[in-house]
Amino acid sequence: MVVPLTRPQGSARVYSTESTTQEPDDVELTTFIVDPKESSHRSVRPTAHDLDFMANDEAELLLRPSEAEKETSESKLLWKLGFSFFLFGITTNVLFVIVLSAAQDLLPPSTPKGIIAFCNITPVLLVKLGWPYLLKGRIRYTQRLIGCCTLSFLGMIIVAAFDSLIMRLLGIAFAAFAAGLNEMTFLQLTTTYSSPVAAGRSVIYFASGTGAAGLVGALLWWELRGLGVKLGVGLSSVLPFIIPLTYFFLLPRDADFSRASRFSQYDDDTSISSESTLTQYTLIPSAEGSIEEVGLRKRGTSLTLSDKWRIVRPSIVKYMLPVFGVYVFEYTINQGVAPTLIYPVPSPEEHPVLSMFIHSIRDYYPLWQLVYQIPVFFSRSSISFGLPALPLRLLPLPAIMQCLLFIILTFEAAVGIYKESASAASIVTVFLLITIEGICGGLAYVNVFYHINQERPNPLSVHDPERARQEKEFKIGSIGFADSTGILLASLLAVPTELQLCRTQIKRGKMLCKAL
């Protein structure tokens, strides 16, 4: 890029170029001085005397980074943002998955596994009901995240240190409370980015991280279970400390994206103007380390219960029912039906592949959890992989599919699709059905929260940016009540479902569930 520099009349004309090989904050300037009396030119760096003759606008243009450098800087910001929320998603859900995968090792054999899901989800439901609906005012993200990290660590230490069932369930409840509050907080944090590009990227990578947490947690416990409950759970208790490290040292702030020119606001005229939004929503770390708002924020602004009901009412059918349906059937399958999907141990001679993964009948339950978590990761990452989001009209489809899968798998556990001798065919069929279950569950999660995140701000709140921000934070936080309610109902259904399916198998002569 060549920029003319103003010189006194009669002097040689001076041109400046910007080097695009340097970092954005270190632009190298080279000046070409072309003298009419000379047939060649020479390259020199501008001196202070040269800059004295420059107009203000020319000086600003000269020091401005090139377009290539801007794109490089913006790409780095997006990478850091996506990776940060990916780590947030993993560490938020990984302990939840470890506890579910370790259900058979944490509980006495006669205890229904659904009680783990119940103790996992009840604190989460209290969080998602209490925090968005009852608390008012702005969110203090730093205090929340530090408190959640401490509570998660304490909960897992209790699970590892005590053999008592009551104490282990108490530790699970502590860790679950922290996980539920973490998930809601990070989803709300995605709405604080005023750029739709940054906001959308943060929510899809958080969803991808929660899907990866299922895979990482199931694989991690598959490896750690040989060390025993105390050591295995004790080692996993350090995972929550990833959250504050990422939050303070890696996560870009909204102000970083506000300074990047291509991260513009919504294109239509119904949204908040770019200038207003960048001023009102700019976030910077305060001296205490928390995120503070700068600009013309109205102090004391908070949503009333009537405001929150007005916001959440249109979402009940649009978002909440599809999420509720998916989680009811999904977790009833995982906690009530899957423990009864057990078959004779395959022999290496007849089934060399299956025998590599299944060495005893106790391996089936963690195997089904692992099979479920792999497609969950890929489906929750579908938008970040470049696939289009589901249209709004198709959001109920995953819930319908989960209902059909629940019916088929329940029939397989109770009656059997194949003959008793065809156990390999049954194992492969269950493998495929649980894979589809994971795909449907992951698609429901990422698409619902992505659509909420990308909704335009309420036109009635355009002139009150603080109120508009609180409305977005509340709306995305309130949806979690639907999935938590679905999981709680599923945990209540899972206990009698497991017991009844086991009794049905015993009546037809299949005694494997009794051996557990």
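I take buried to mean under 20% relative accessible area, exposed over 50%, and partly exposed in between, with a 1.4 Å probe and protein chains only.

**Ground rules**

I am working on a predicted model, where local features need pLDDT of at least 70 and side-chain atom pairs count only at pLDDT 80 or more, while totals for chains, interfaces and linings use all residues. Residues are numbered from 1 along each chain as its sequence is written, and side-chain values use heavy atoms, with hydrogens and water left out. Helices (H or I, at least four residues) and strands (E, at least two) are DSSP runs, numbered from the N terminus.

**Entry 1: Pro396**

I looked up Pro396 and found it in the loop between helix 16 (364–380) and helix 17. Pro396 counts as partly exposed, at 36% relative accessibility.

**Entry 2: cysteines**

I counted disulfides, taking one to be a pair of cysteine sulfur atoms within 2.5 Å. The structure holds one. Cys502 and Cys513 form it, with an S to S distance of 2.1 Å. The torsion about their S-S bond is about 90 degrees, so I logged the disulfide as right-handed.

Which parts does the pair tie together? Cys502 lies in helix 20 (residues 480–507) and Cys513 in helix 21 (residues 512–515), so the linked parts are eleven residues apart in sequence. Cys502 is buried, with a relative accessible area of 17%. Cys513 is buried as well, at 11% relative accessibility.

I also looked at Cys148, which is in no disulfide; the nearest cysteine sulfur is that of Cys149, 8.8 Å away. Cys148 is buried, with a relative accessible area of 3%. For Cys403 I noted a relative accessible area of 25%, which is partly exposed.

For helix pairs I use axes that are lines fitted to C-alpha atoms, for helices over the stretch in contact, and angles that run from 0 to 180 degrees between N-to-C directions. Angles under 35 degrees count as roughly parallel, over 145 as roughly antiparallel, 65 to 115 as roughly perpendicular and the rest as oblique. A crossing is left-handed if the near helix is turned anticlockwise from the far one by less than a right angle, and right-handed if clockwise.

Helix 6 (residues 141–161) packs with helix 7 (residues 165–190) at an angle of about 155 degrees, and their axes are 8 Å apart. I therefore recorded helix 6 as roughly antiparallel to helix 7. The crossing of helix 6 with helix 7 is left-handed.

How do the residues of this contact divide? I have 18 nonpolar, six polar and two charged.

Within helix 6 I picked out Ile157. Ile157 is partly exposed, with a relative accessible area of 34%. Ile157 and Val238 are 81 residues apart in sequence, and 9.5 Å apart in space from C-alpha to C-alpha.

Helix 18 (residues 423–453) has 31 residues. From its first C-alpha to its last, helix 18 reaches 45 Å, close to the 45 Å expected at 1.5 Å a residue; the expected span is 1.5 Å times one less than the number of residues. Is helix 18 mostly covered or mostly exposed? Mostly covered: 22 of its 31 residues are buried.

Helix 17 (residues 397–414) and helix 18 have axes that come within 9 Å and cross at roughly 155 degrees. That makes helix 17 roughly antiparallel to helix 18. Helix 17 passes helix 18 with left-handed crossing geometry.

**Entry 3: helix 14 and helix 20**

I returned to helix 20, which holds Cys502. Helix 14 (residues 315–337) packs with helix 20 at an angle of about 30 degrees, with the axes 7 Å apart. Helix 14 is thus roughly parallel to helix 20, and their crossing is right-handed.

**Entry 4: two further residues**

Phe241 is in the loop between helix 9 (229–236) and helix 10 (242–249), and is partly exposed at 38% relative accessibility.

Val216 is in helix 8 (residues 196–224), where it is partly exposed with a relative accessible area of 37%.

Conventions: Nonpolar A, V, L, I, M, F, W, Y, C, P; charged D, E, K, R; others polar.
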